[in-house]
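Please read it alongside the sequence and the coordinates.

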Amino acid sequence: MRSVFTEDADLYDRYRPGYPAQLFDVLTAAVGEGARVLEIGCGTGQATVPLVARGFAVTALEPGEELAEIARRHLAYYVSARVVVAAFEDWSLPPVGFELVVAAGSFHWLDPAVRMVKAADALRSRGALAVVSTHHIAGGSDEFFAQAQQCYERFDPNTEPGQRLPVADEIPKDPEEFHRSARFSPPEFHRYEWEASYTTDQYLGLLMTCSRHRAMPTSARDQLLGCIGQRIDADHDGVITMRYLTQLALAKRLG
C-alpha cells in the first residue's frame, strides 16, 4: 500500500499537511544544530525542508522516484541535504552513524521485524529516534465529518458503521515497541494540536493522497468524493476545517 503515494506525486506535494514548528525545536534541542540526520520516507519534503532549514545535514530516503524528484527540487538550494531513492529496509547503512533518525508519517509502513533494530543500528551511541504521526481528531467542522461518515457508509463497504473522530486523549502514547526492542530508552512524547481549513477542491485533493481512497474501485471512489464534495458545498459554504494531533515519540539509543 505504501507504493500508492507515488502515483500522483504532485497531488501529494500540494495537499499533504506539514508539521508544527515546535516539533523541530524539540529535535534541535535533543541533538543540536548541525547534527547528521537520516530521514525515512521523506515524501516530497514536508519534514525534510524544515529539518535542513534548522541546520541539520539530512540524508533523506524515499522509495518513490516521483516523490523523491519533487523533494530534490524543494531542497535544491541546500547543500546539506541529499535525497536517495531507496526503501529503508534495503538501504545499506553507512559506516558512520547518524545523530538522529526521523520517520515522519512513515514508520507504520516499515517492516515491523526490521524498523527498530535497523533504526538503532543507523544511530551513533546515544543518538535519537524520532517517530512522528499525525491524527485527525475531533474539532473543527465536526458536523461535516458526521455527514461524511454517512457518505463512507454508503459507498465504501469497508467502513465500520457509526465511526466518530477520536478526541486527542484517545490517541495512545504507546512505548511498547521501543521497550520490546531493548535498543532505546523509554520515549518522550510531545503532542501538538492544530487546525487547517480546506476548500472543497483542496479537501478532495487531500483525500486522494490517502492510501485508503486510492485503493478503492474507481466508480465507488468517484461516488464517495462526489457525496463528500456536495456536503461541503451545500452545507458548509465550500470550506471545512480539520483538527489535527501531531505526536512525536523521541527515544535515545541505548549503548
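## Basis of the description

A residue is called buried when its relative accessible area is under 20%, exposed when that area is over 50%, and partly exposed in between, using a 1.4 Å probe and protein chains only. This is a predicted model, in which local features need pLDDT of at least 70 and side-chain atom pairs count only at pLDDT 80 or more, while totals for chains, interfaces and linings use all residues. Residues are numbered from 1 along each chain as its sequence is written, and side-chain values use heavy atoms, with hydrogens and water left out.

Helices (H or I, at least four residues) and strands (E, at least two) are DSSP runs, numbered from the N terminus. Contact means heavy atoms within 4.5 Å.

Helix α8 spans residues 200-207, and because six of its eight residues are buried, it is largely enclosed by the rest of the structure. The buried residues are Thr-200, Tyr-203, Leu-204, Gly-205, Leu-206 and Leu-207. The cover over these buried residues of α8 includes the helices α1 (9-15), α6 (142-155), α9 (211-214) and α10 (218-235), together with the strands β6 (188-199) and β7 (239-252).

## Packing of α8 on α10

Helices α8 and α10 pack at an angle of about 150°, with their axes 10 Å apart; here axes are lines fitted to C-alpha atoms, for helices over the stretch in contact, and angles run from 0 to 180 degrees between N-to-C directions. That angle makes α8 roughly antiparallel to α10, on a scale where angles under 35 degrees count as roughly parallel, over 145 as roughly antiparallel, 65 to 115 as roughly perpendicular and the rest as oblique. The crossing of these two helices, α8 and α10, is right-handed, a term used if the near helix is turned clockwise from the far one by less than a right angle, with anticlockwise giving left-handed.

On the α8 side the contact is formed by Thr-200, Tyr-203, Leu-204 and Leu-207, which meet Leu-225, Ile-228, Gly-229, Ile-232 and Asp-233 of α10. By class, this contact of α8 with α10 has six nonpolar, two polar and one charged residues, where Ala, Val, Leu, Ile, Met, Phe, Trp, Tyr, Cys and Pro count as nonpolar, Asp, Glu, Lys and Arg as charged, and the others, Gly among them, as polar.

Gly-229, which lies in helix α10, is buried, with a relative accessible area of 7%. Leaving aside its neighbours within four places in sequence, Gly-229 is in contact with Thr-200 and Leu-204.

Helix α6 has 14 residues and reaches 20 Å from its first C-alpha to its last, close to the 20 Å expected at 1.5 Å a residue, the expected span being 1.5 Å times one less than the number of residues. Its buried residues include Phe-144, Phe-145, Gln-147, Ala-148, Gln-149, Cys-151, Tyr-152 and Phe-155, and what covers the buried residues of α6 includes β5 (123-137), α8, α9, α10 and β7.

Helices α6 and α10 pack at an angle of about 155°, with their axes 9 Å apart, and they are therefore roughly antiparallel to each other. The crossing of α6 and α10 is right-handed. In this contact Phe-144, Gln-147, Ala-148, Cys-151, Tyr-152 and Phe-155 of α6 meet Ala-220, Gln-223, Leu-224, Cys-227, Ile-228, Arg-231, Ile-232 and Asp-235 of α10. The residues of the contact of α6 with α10 divide into 10 nonpolar, two polar and two charged.

## Leu-27 in helix α2

Leu-27 is found in helix α2 (residues 21-31) and, at 0% relative accessibility, counts as buried. Leaving aside its neighbours within four places in sequence, Leu-27 is in contact with Gly-32, Leu-51, Phe-56, Leu-100, Val-102, Ala-130, Leu-248 and Leu-250. The C-alpha atoms of Leu-27 and Leu-250 are separated by 8.4 Å, although these residues are 223 residues apart along the chain.

## Positive phi values and a loop residue

Arg-126, found in strand β5, has a positive phi of about 65° although it is not a glycine, and Arg-126 is partly exposed, with a relative accessible area of 43%. Ala-182, in the loop between α7 (176-181) and β6, has a positive phi of about 60° although it is not a glycine, and at 56% relative accessibility Ala-182 counts as exposed.

Asp-169 has its place in the loop between α6 and α7 and, at 74% relative accessibility, counts as exposed.
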